[in-house]
Amino acid sequence: MSLYLTNKEKLELLKTQQFTITKKKLLHYLNNIQIKTIKYIDSICIYNKYTHNNIDRCVQSPIWQLGHISHFYIKHTLELLKQKNNLQYKLLEFYIKQIEKEAHIKFDEFYDSHKTLYEIRFTTYISLKRIKTVYYSIIKILYLYINKYNLDSIDNYLIMLSILHNDMHNENYNFTLYYFKNVISEKNLLSNIKITKETPLENSFINIPSGFLHQGSDINKNRIIFDNETPSFLVKINEFKVSKYPITEYQFLEFVLDNGYNNIKYWSKKGLLWKKTHNIKNPLYWLNINNEWYRKHINSIYKIGSNLPICNISWYEAEAYCNWKNVRFINEYEWEYISTNLGRNTYPWGDNEPTNDLCNINNKYKYCVDVNLYKKGENRNGVSQLIGNIWEWCEEVFYPYPNFTIDYIYREMSYPFFGEKKICRGGCFCVNDYLIHPKYRNAQDPGCQIQYIGFRVCLKSS
């Protein structure tokens, strides 16, 4: 099979798809994603005066990002629907030409994340109004398409794929806005200190028996499967002990108070280099005021010592904590094992779809919550909050599964990042219920702090 496929060839290959979804759900998801995306970009663009030199590299230019989202819809959905059902969108093409003329760019290249340098995304002026017009036009075209045609599994797949991609970028908008409000904000917050008064939880270790797991996924009619999740394969799991909860703020504070950030024996060589390069002296958003530790949270600062999970922590910081505590990261296969009830269920709690009663998702509370909440969402062994609240770092570098096959449509989903990023699992509070599940593999740069990532730990084998 050629590396470069025509749209006709892609559609032929997509005939193996079995993904089913109702028109009502598709329209509901499309409406919600549009509302959230526009709300995010309107909120975040007030900070657009800050260039890439001032901010974390995980932050994307908000206007460029909306163009990228639009580009994805066009390239991976509209162009294929045009081939399949002769879909026409001449007005959208006119809007794109206006942008190209105004900014002296090629739309298809400029909004391709693998063709445009990070710095250029900030320094090239594009009218937000024009990009919004493109985005609105795409959503309208899809509305009309869904209502006009009897959708098959190919239609369902192509439309839902772009919605999921849009949703991934909405998470980026969420943590970017949070970053700006916490780091760029010039407000004096010393007059609004919140004192946390909580009894520290005992984060006990739970014994997990040995067994077998069919790690990964195969074609599934109930959800879209990304290429890095496939194909499934059998893994033997040895007995291990895992923390009931993710590591809490209170627990991580003990590491900080014990001079953990300054003691080089806890840090790997890569971790030390990252820490020196970025002048890392404490967790992101933490402040030391008169020898007391506080966490900045938008318009307030909270005294550290809560049962919230430690969040916005890089893999390197988590690694140093593990070395200090003489524990280890959970492995990816162990995480999937306990998140599927030792391979017996679809989710930790059983086979029911995620809801706000079972886990902290859908951005209901706008931030993470205490680790001892959501008892209904625990797995059969009593391990808590495996889905939602925060992403969880795993030990492994991001690599493909055995017999990996690149996706026919979303070809850049995984392979550019193999061997570089670290696995994180489980989703966070602002992901949507239709995206996250125990087989979903996320991966981030090990130095990433800005995303809502924490970790849980395992005891080392004796």
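## Helix α7 and its cap

Ser-127 caps the N-terminal end of helix α7, with a side-chain oxygen placed 3.3 Å from the backbone nitrogen of Lys-129. This contact, like everything else described here, belongs to a predicted model.

Which residues of α7 are buried? They are Ile-131, Lys-132, Val-134, Tyr-135, Ser-137, Ile-138, Ile-139, Ile-141, Leu-142, Tyr-145 and Ile-146.

## Overall fold and dimensions

The protein has 12 helices and 14 strands. Its radius of gyration is 23 Å, close to the 23 Å that the globule rule gives for 462 residues, so the protein is as compact as a globular protein of that length. Taken along the principal axes, the C-alpha atoms fill a box of roughly 65 × 55 × 40 Å.

Of the 462 residues, 59% count as buried, and the accessible surface of the protein comes to about 20900 Å², with 49% of this area belonging to carbon and sulfur atoms. Among contacts between residues at least 6 apart in sequence, 79% join residues that are at least 24 apart.

## Salt bridges

The structure holds 16 salt bridges. One of them joins the side chains of Glu-102 and Arg-130, at 3.0 Å from N to O, and this pair links distant parts of the chain, since Glu-102 belongs to helix α4 (residues 90–103) and Arg-130 to helix α7, 28 residues apart. Glu-102 counts as partly exposed because its relative accessibility is 31%, and Arg-130, at 29%, counts as partly exposed too.

Another salt bridge brings together the side chains of Glu-336 and Arg-425, at 2.8 Å from N to O. Glu-336 lies in helix α12 (residues 332–339) and Arg-425 in strand β11 (residues 422–425), so the pair ties together parts that are 89 residues apart in sequence. Are Glu-336 and Arg-425 buried or exposed? Both Glu-336 and Arg-425 are buried.

Lys-375 forms a salt bridge with Glu-378, in which the closest N and O atoms are 3.7 Å apart. Lys-375, at 48% relative accessibility, counts as partly exposed, whereas Glu-378 counts as buried because its relative accessibility of 17% falls under the 20% cut-off. Elsewhere, salt bridges that share partners join Glu-332, Glu-336, Arg-425, Lys-439 and Arg-441 into one network.

## Backbone exceptions

Most residues other than glycine have a negative phi, and most peptide bonds are trans. The peptide bond from Thr-230 to Pro-231, however, is cis, with omega near -15°, and Pro-231 lies in the loop between β3 (211–215) and β4 (233–237).

Two residues other than glycine with positive phi may be described together. Asn-259 has phi near 65° and is found in the loop between α9 (249–257) and α10 (269–277), where its relative accessible area of 40% makes Asn-259 partly exposed. Gln-385 has phi near 55° and lies in the loop between α12 and β10 (391–397); at 6% relative accessibility, Gln-385 counts as buried.

Notes. Residues numbered from 1 in each chain as written. Predicted model: local features only at pLDDT ≥ 70, side-chain atom pairs only at ≥ 80, totals over all residues. Heavy atoms only, no water. Buried < 20%, exposed > 50% of the residue type's maximum accessible area, 1.4 Å probe, protein only. Helix = DSSP H or I, 4+ residues; strand = E, 2+ residues; numbered from the N terminus. Polar contact = N/O pair within 3.5 Å; in protein donor to acceptor, adjacent residues only side chain to side chain. Rg over C-alpha atoms; globule rule 2.2 N^0.38 Å. Contact = heavy atoms within 4.5 Å. Areas by Shrake-Rupley, 256 points an atom, 1.4 Å probe, with all protein chains shown as cover. Salt bridge = Lys/Arg side-chain N within 4 Å of Asp/Glu carboxyl O.
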